[in-house]
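Subject: The structure, and what was found in it

Dear colleague,

Here is the structure I promised to hand over, with the sequence beside it. Please look it over first, and then read the notes that follow.

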Amino acid sequence: MIHEKPHFRNRPEGIDGGFRQQPSPVDRLRKAFKNGRPRLGYERMVKMQLGDFTVTSVSDGLIRLDGGTLFGIVPKPLWQQRIAPDRRNRIALGLNCVLIQTDRGNVLVDTGNGGKRQALMRQRFGHRSSRLLSEIKAAGLSPNDIDYVLLSHLHFDHAGGCTRLGAEDAVVPVFPKARYLIQRADWEQFRTPNGRARGSIFTDDYLPLGDSGQLDLLDGDTEVIPGVWARVTGGHTHAHQIAVMESGGQRAAFLGDLVPTQHHMAPAWITSVDSFPEETLERKQELLERANRDNWIVFFSHDPHNRAGYVDRTDDNKFRLRPVTP
Ligand SMILES: [Zn+2]
């Protein structure tokens, strides 16, 4: 059963309200990691305090995707200077998700690949094993503790971890108590996918959520819990959404596949599977300008090295990442 009326308030204006400059979360992060605790690397979780929220970049591991798919119209001689492909022209990418722990509930943004198609995922995409649940555990939570799963969109590398194989190979939700949140316009598209989308999705990632009664369809920008918003960008899919969070005057955003890696901060670097690349171009420009101006921390869905950082501008007016690493 699908809940037609989500119980959240639509409050798009809330995304823009009340931002104030506060001490940097990175300063707190540095403090947390002094005294000989391990330095952060791309394989380690990035955990930070954002006002009253604890925000952690949790990963489902590494995946290998075709470089041409990832960089669209950018010629290979250009992109391979930044990321070297393997002999099958694939580049290694993170399956990065974000966990937001608050006293009003725990929100997981995206779910990675999951573990349902291990053999296929290993052979075709080099995904060795799903590790999202162990990273969630390392952050101190179990699947039962997740109250909301906010999905940027339904491509398999974001929605695969929504479901798992249960008894007698029945496909069941991974997070038994969670509401799963997706934009209605994307749900309608992906419920009966067209030929172009078919290579990027597996319907058993998400159709069982409707059957279990855990699906909430969102109509536009929505406040999930106080301080955490789903904001529609489109571009990558009909109604691709990002997560914007604010607490204590500090703000962060998970950019989903609008800006999957730091390389995609450049205007023309847009994946070839984007449904509306011109819309991607406009939305990401707006968002990066905002993130730069207001000192947001941005989280990338697929960057293999830097899961999060601040958006700086270079002297020649390009965007550049200042990674969150102590
Ligand atoms: Zn995608």
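I begin with strand β13 (residues 241-247), where seven of the seven residues are buried, so the strand is largely enclosed by the rest of the structure. A residue is called buried if 20 or more other C-beta atoms lie within 10 Å of its own, exposed if 12 or fewer, and partly exposed in between, with the C-beta atoms placed from the backbone. Strands (E, at least two residues) and helices (H or I, at least four residues) are DSSP runs, numbered from the N terminus.

Before going further, please keep in mind that this is a predicted model, in which local features need pLDDT of at least 70 and side-chain atom pairs count only at pLDDT 80 or more, while totals for chains, interfaces and linings use all residues. Residues are numbered from 1 along each chain as its sequence is written.

In a regular strand the side chains alternate between the two faces of the sheet. In β13, Q241, A243, M245 and S247 point one way, whereas I242, V244 and E246 point the other way, and all are buried.

Which strands pair with β13? Strand β12 (residues 228-232) pairs with β13 in the antiparallel sense over five bridges, and β13 and β14 also pair in the antiparallel sense over five bridges; two strands count as paired if DSSP finds at least two bridges between them. W229 has V244 as its bridge partner in β13, while M245 stands opposite A252 in β14. The hairpin of β13 and β14 has two residues between the strands, and in this hairpin G248 takes a positive phi near 60°.

The loop between β14 and α9 holds L255, which is buried, because 26 other C-beta atoms lie within 10 Å. The C-alpha atoms of L255 and I242 are separated by 5.2 Å, although these residues are 13 apart along the chain. Leaving aside residues up to four places away in sequence, L255 touches I242, L287, V298, F299, F300 and S301, where contact means that the two C-beta atoms, placed from the backbone, lie within 7 Å.

L255 is also among the residues that touch the most other members of the largest nonpolar core, which has 67 residues. A nonpolar core is a set of buried Ala, Val, Leu, Ile, Met, Phe, Trp, Tyr and Cys residues joined through C-beta atoms within 7 Å. A second, separate core of twelve residues includes L65, F71, L93 and F125.

Helix α9 (residues 277-294) has 18 residues and reaches 25 Å from its first C-alpha to its last, close to the 26 Å expected at 1.5 Å a residue, the expected span being 1.5 Å times one less than the number of residues. Its buried residues are T280, R283, K284, L287, L288 and A291. Seen down the axis of α9, these fall within an arc of 130°, so they line one face of the helix; the arc is that of the directions from the helix axis to the C-beta atoms. The face turned away from that side carries the exposed residues E278, E286 and R293.

Against what do the buried residues of α9 pack? They pack against β14 (250-254), β15 (297-299), β16 (308-313) and β17 (319-323). Of these strands, β16 and β17 pair in the antiparallel sense over five bridges, and R322 in β17 is the bridge partner of Y310.

With best wishes
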